[in-house]
Amino acid sequence: MTLQATDYTGQTACGNDTHTPLRDFLRTETGSAAVLVTAALAALVWANLAPHMYESFWHAHLSVRLGSHGISLGLREWVNSGLMTVFFLVVGLEARREFDMGELRDRRRLALPLAAGLSGMLVPVAIYLALNAGHGTTQGWGAAMSTDTAFALGMLAVVGRRMPAGLRVFLLTITVVDDFLALGVIAVAYSDRIHVPALLLAIGTFAVILLVRRLGVRRGVVYAVLAVVAWIGLLESGVDPVVIGLAMGLLTYAYPATRSDLERATGLFRLFREQPTPELERSVRIGLASALSPNDRLQRLYHPWASYVVVPLFALANAGIEINGDQLARAFSSPVTLGILAGYVVGKPLGVIGASALAALLSRGRVRPPIGWGAVTAGGTLAGVGFTVSLLIATLAFDGTRLEDAKIGVLTAVLASFLLSRLVTAVLGALPRPLQLRALLGESETIVDLAVPVDPDRDHVRGPRHAAVTVVEYGDYECPYCGQAEPVVRALLGDFEDVRYVWRHLPLTDVHVHAQLAAEAAEAAAAQGRYWEMHDLLLSHQGALRPNHLRGYAADIGLDVQRFERDLRAHGGAARVAEDVESADLSGVAGTPTFFVNGRRHHGAYDITSLSAAVRTARERATVAA
């Protein structure tokens with residue numbers, strides 16, 4: 001049977017942990033960019049073929065009433081102020097996850113994206129204000145400052161296939177800062193006259209949310225009801241209510257599943273298997289849910305809806321403008337259009353690159369981008385894509401022809417930024433390989449996920465002792481996925497001469513009853529200088545790991561069988577196995593197999609293509625750092 005790449009994504013105890021929320025987020029945003037473009041084009045076609053129908057449809061009112069109280073909004077307002085709250089919830093969730101578990105968990109790395117995100121907004125605003133001074137259109141400055149996350153990451157997938165993976169994270173962190181500040185701008189500068197009692201209701205409700213969170217309440221329905229009350233309060237106060245979505249996302253913890261939680265979930269499932277009662281079924285569901293962070297669960301639930309429904313609906317409701325020759329001629333002589341276009345195409349790259357360079361200069365190199373300056377430049381041009389928040393602010397700042405000019409400026413900036421980003425990546429691709437690597441990868445230190453470094457004098461190492469790339473696998477001899485990964489590891493060592501491989505034990509005794517004994521058998525063989533021979537036999541005979549099988553394997557590889565049995569009965573290797581398990585816990589490893597490449601955790605499939613790509617990236621970074 002031929003195994004496909006998708007067969008190499010399983011993992012014992014962690015389920016599909018190789019697909020991290022961050023990776024799923026990037027993949028979903030990339031795919032949804034096509035839906036977003038389609039929706040924007042559909043809006044343009046609709047508005048030009050039937051302009052009256054387009055406007056009358058989105059101005060139609062929809063009312064939601066409960067007794068004598070209710071809310072009545074136009075369909076466009078329901079999308080802009082209602083559904084967009086879900087979009088900003090997802091943005092807040094991802095920001096919180098980066099802060100808790102991603103690149104920003106090292107707080108020193110927070111300074112640069114903050115500076116780049118802030119500068120990437122201030123410079124475009126300054127350019128817009130300079131071009132609109134004296135024209136009575138300065139109130140639209142907010143439409144020139146915010147990057148669209150979905151469009152930016154979608155464009156990166158198209159123009160940046162050879163860009164380092166770190167560029168996606170760098171761009172994402174900038175856009176999260178961007179979105180957070182933009183919502184602050186909307187709340188302060190683009191809200192209607194404030195109705196104080198309603199605002200106090202929203203603030204009081206948010207205080208209750210903080211109290212409930214402090215008390216450790218985990219029931220989602222409680223937070224959902226309170227968030228709806230806060231949303232209504234903000235809507236009635238005149239403050240754009242989408243800000244509550246971002247706030248709720250930023251409050252939602254993210255943390256990896258722990259082995260103890262997974263073991264507890266396994267125990268509950270076994271109880272249900274023995275006695276399938278409704279009470280145990282409920283306990284199993286609660287136990288499984290509690291093993292994952294609220295952030296993970298909410299992202300899985302809301303992110304597809306935000307990407308494939310909410311944002312495209314927003315585009316359909318707001319991107320429709322009538323376009324003709326006279327209108328384009330007027331727009332491109334309008335300071336509104338020119339200010340937005342110049343702000344995004346010129347101001348965004350200058351702001352992002354300039355702030356990054358200034359931070360590196362003032363800190364004397366202590367603060368620098370996690371990628372090379374060529375990749376930073378590409379990130380700056382990609383950040384010049386404004387759509388969702390830009391159109392939202394434009395609808396708040398303008399109406400009539402000026403709103404149409406603003407929309408033309410936003411749409412033109414998307415196209416111009418795409419072409420500029422394509423040019424930058426083409427130039428980087430034409431550089432000589434050593435210079436290209438330095439331009440893409442840079443010289444910053446990478447975050448190390450492996451808590452206990454590899455020690456050749458202690459660890460079991462296969463391959464050159466001082467190789468440029470080290471692949472560490474936490475494995476379980478009874479885990480079928482580890483057996484599936486073994487030929488991939490062998491192929492990897494055969495394809496790369498400068499790679500060494502380290503196996504560390506992580507027997508998952510709650511699901512694999514023979515795994516601990518098998519690990520101790522490997523250590524007993526190591527005591528006689530035959531570790532790798534026993535290792536290979538154990539992985540190739542995963543269904544036969546009882547004591548009598550282990551004795552047979554010891555005889556097959558020429559061990560002193562009596563000494564082997566004494567060591568096994570005395571659990572001589574148990575301490576060494578426990579050390580590996582402790583190092584796995586310190587590194588946040590909960591399932592097998594889990595791979596680390598030069599200290600960085602490998603997220604994704606462990607087929608030969610994926611692992612080879614990770615090894616090549618690590619080797620290139622090691623070459624730049626040498």
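**Exercise 1. Overall picture**

Among contacts in the protein between residues at least 6 apart in sequence, what percentage join residues at least 24 apart? Then describe the dimensions and burial of the protein.

*Solution.* A word on the model comes first. This is a predicted model, in which local features need pLDDT of at least 70 and side-chain atom pairs count only at pLDDT 80 or more, while totals for chains, interfaces and linings use all residues. Residues are numbered from 1 along each chain as its sequence is written, and side-chain values use heavy atoms, with hydrogens and water left out.

Step 1: Contact means heavy atoms within 4.5 Å. Of the contacts between residues at least 6 apart in sequence, 80% join residues at least 24 apart.

Step 2: The C-alpha trace spans about 95 × 65 × 45 Å along its principal axes.

Step 3: The radius of gyration is taken over C-alpha atoms, and the globule rule is 2.2 Å times the number of residues to the power 0.38. For 626 residues a compact globule would come near 25 Å, and the protein has 28 Å, which agrees.

Step 4: Buried means under 20% relative accessible area, exposed over 50%, and partly exposed in between (1.4 Å probe, protein chains only). By that rule, 52% of the 626 residues are buried.

**Exercise 2. A covered helix**

Count the helices and strands, then say how many residues of helix H5 are buried.

*Solution.* Step 1: Helices (H or I, at least four residues) and strands (E, at least two) are DSSP runs, numbered from the N terminus. The protein has 25 helices and seven strands.

Step 1: H5 covers residues 149–159, and ten of its eleven residues are buried. Among them are Phe-151, Leu-153, Met-155 and Val-159.

**Exercise 3. Two single residues**

Where do Val-35 and Glu-486 sit, and which residues do Val-35 and Glu-486 touch?

*Solution.* Step 1: Val-35 belongs to helix H1 (residues 21–49) and, at 30% relative accessibility, counts as partly exposed. Leaving aside neighbours within four places in sequence, Val-35 is in contact with Tyr-308 and Pro-312. The C-alpha atoms of Val-35 and Tyr-308 are separated by 6.7 Å, although the residues are 273 apart along the chain.

Step 1: Glu-486 lies in helix H19 (residues 480–495). Its relative accessibility is 9%, so Glu-486 counts as buried. Not counting residues up to four places away in sequence, Glu-486 touches Arg-462, Tyr-501, His-535, Asp-536 and Leu-539.
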